[in-house]
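Let's take a tour of a protein chain, ring by ring and loop by loop. Have the sequence and the 3D view ready.

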Amino acid sequence: MNHVRALRSEGKTTSRKAQRSGRSSLSHTPRDSPMASLITTPAHSAGNSRAGSDVTDDDDDFDTISISSTTSSLEYGGEDGITSFDARGLIDELQDRKRNNSDTRENLLELYIKILRNRYTSQTHEWLDEAATELAEVFLRQANRGVTARERILSLHAFALTLSTSEDADVYENAEKALRQIVHDDDDEDCEVWAIYSLCFAVLYGGGSEEPAQETLDYLLEIVQTDGESIEAHDSGLIVAAALQAWAFVASHVDDLSATADLALDAFVDQLDSSDVQVQSHAAACIALIFEASRNHEAETGETFQLPYDPQRLIGRMKELTKECSKHTSKKNRKSLRDTFNSVTTSLERGVGPGFSEAGFAPDKRNRLPASEANEDGIVEFGYRLKLRLGNSVALIDTWSLSSRVDMLKLIFGGHLHQHMWVNPVVTECLSDADFVKDAGGPKKLTKRSPRKDGKR
């Protein structure tokens, strides 16, 4: 069984739902402590290369963040990596609610997130691993007690990021109940979304096992089936889309989906008719993942899932929906949904992964494409077009399972996944099926002969 996590930020206001758990009774503590800057210390070893990835992030450039006066210095290096970080000091400061107000706690959380995500090196584990469980527990308490939505979201981000970096955090038993409570009680949708993601990371990388993972799939499916009503998020597209994305992420770690595939497919097909484009897109991707899991199951056991839907009928329905959406969605959303549906329909038709392109060129001397690779129409197809490019290494994203994990890790690490890929043991495990090759010159362009005229991609 594997293990993982996530992130995000923004949003203020005290939750109305949170009044039931007593969070609204917490008040801001006086800002009576002097401000101090974090101390930057020289790095003793070079950090990982900062070569760019396919994802960009605007939080890269920072040297120090001012916070309220602390009892001990929290130290880190600059561009060359982290020298040390006072995890004990962070824990103490976050729990000292008399001295530190929500602004201070937000700054502390933001600093931790930036250091762990942006400045990660193998040396990070020297201070992180022994404190990982206690850090995760503190972040979880802050996620439940935070006065502002931003503080709670940053706490969830820090919780998920800790689990996505250290293999030593063991928190699932306590985290499962607490995170479900946040999902149900918090009326800030972003907090609910990050609690959903964090629940997945806790079961996968925080000490869960196969049975809790199956239970989490059932929990997420109920949110989808009820359009969010099971957690009092009535007809929230954002919440349902998050539950779908989270379901795919957990499902990509589960060995056998046969027990849940039937009911899950019913719910996902229903959500194809949603008025929310993100819900439709994630539902379609989940459908493709189930059929992919069925193909894999058949290859391994000789038996397929007993799925109640004919792939051809689903293909026809998605083509109809692609036409219908042009009447009531923006151009950007229309293109996004069309691309997703085209990818899913090709997957169902051809038994391939996401982003498979049927377009191509006829082989000849100018484009140097071997005739042996041509299909029955004499065309060499482009094939898989989705790639994960990290620095000068690239891997094809050729399964829906891998696609769901890549999407979630991009969410967690922003533009810094390349710093984690070959050093962070959790990320390495999560993407163990990604086949990276060196790509010094980038993708080579083919010499165009004549485009296809049959409308295929």
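## A charge, some rings and a core

The charged end of R180 sits over the ring of Y219, 4.1 Å from its centre. (A charge counts as over a ring if NZ of Lys or CZ of Arg is within 6 Å of the ring centre and within 35 degrees of the ring normal.) Before going on: this is a predicted model, where local features need pLDDT of at least 70 and side-chain atom pairs count only at pLDDT 80 or more, while totals for chains, interfaces and linings use all residues. Residues are numbered from 1 along each chain as its sequence is written, and side-chain values use heavy atoms, with hydrogens and water left out.

Zooming out, the protein chain has 16 helices and nine strands; these are DSSP runs, numbered from the N terminus, with helices (H or I) at least four residues long and strands (E) at least two. Of its 457 residues, 53% are buried, meaning under 20% relative accessible area, with exposed being over 50% and partly exposed in between (1.4 Å probe, protein chains only).

Now for the rings. There are nine aromatic pairs in the structure. Rings of Phe, Tyr and Trp (its six-membered ring) pair if their centres lie within 6.5 Å; planes under 30 degrees apart are stacked, over 60 edge-to-face, and the rest tilted.

| Pair | Centre to centre | Angle between planes | Type |
|---|---|---|---|
| F85 and Y112 | 6.1 Å | 55° | tilted |
| Y112 and W127 | 6.4 Å | 75° | edge-to-face |

F85 is in the loop between β4 (75–76) and α1 (87–95), and Y112 is in helix α2 (residues 102–118), 27 residues apart. W127 belongs to helix α3 (residues 125–128), 15 residues from Y112. F85 and Y112 are both buried, and so is W127. Ring pairs link F85, Y112, W127 and F139 into a cluster.

Y112 turns up again in the largest nonpolar core, which has 122 residues: Y112, F159, L179, W247, F268 and L431 touch the most other members. (A nonpolar core is a set of buried Ala, Val, Leu, Ile, Met, Phe, Trp, Tyr and Cys residues joined through side-chain atoms within 4.5 Å.) Helix α7 (residues 189–205) supplies the largest share of this core, 13 residues.
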